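Here are some notes for a colleague who has the model open. Please read them with the structure in view.

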Amino acid sequence: MDSRLFACVLLATITGAGCTGNAEMGNAQERSGDEGARSAVAAEAPPSGPVNQEMVQRGAQLFQSKGCIGCHTIGKGRLTGPDLSGVTERRDYTWIMAMVINPDSMLKNDATARKLLAEYMTPMMNVGVTREEARAIYEYLRQ
């Protein structure tokens, strides 16, 4: 087993933190997906305008405390999961929110999530991120 994969699995086992099943979250702008997982946020308008710095701070804290850093970097290359630099340009708001809030459903029903799982071989775990927490993480990724 790859040492990074082992470290991520160990981290997930000990802390309940998540790892993702995809790297770069793909370059294609595929929008197919699980309507059930997406419907919870579909009515929300994607954020626009200036980045909310308070939410960025909260998102950075959540990115660490929820264990995202065990599998992802932002601008430092691939780990067990993808480097999330630029993910808000590659994926739409609804897809990112659904993947963060309900990765189980997305991995079962979304073609893009399944492709990423096939590439990274480690499923993103559901660590109980709320909609508000996901929104803060999104703002952190958007900065």
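1. V51 is found in the loop between α2 (35–42) and α3 (53–65), where helices are DSSP runs of H or I with at least four residues, numbered from the N terminus. The model is a predicted one, in which local features need pLDDT of at least 70, side-chain atom pairs count only at pLDDT 80 or more, and totals for chains, interfaces and linings use all residues. Residues are numbered from 1 along each chain as its sequence is written, and side-chain values use heavy atoms, with hydrogens and water left out.

2. V51 counts as partly exposed at 25% relative accessibility, the class between buried (under 20% relative accessible area) and exposed (over 50%), taken with a 1.4 Å probe on protein chains only. Apart from neighbours within four places in sequence, V51 is in contact (heavy atoms within 4.5 Å) with V56, E139, R142 and Q143.

3. Although V51 and E139 are 88 residues apart in sequence, their C-alpha atoms are 6.5 Å apart in space. E139 lies in helix α8 (residues 131–142) and is buried, with a relative accessible area of 1%. Residues up to four places away in sequence aside, E139 touches P47, P50, V51, N52, M55 and V56.

4. Nine of the 12 residues of α8 are buried, so this helix is largely enclosed by the rest of the structure. Among the buried residues of α8 are E133, I137, E139 and R142, and what covers the buried residues includes α3, α4 (87–90) and α5 (93–101).

Notes. Helix = DSSP H or I, 4+ residues; strand = E, 2+ residues; numbered from the N terminus.
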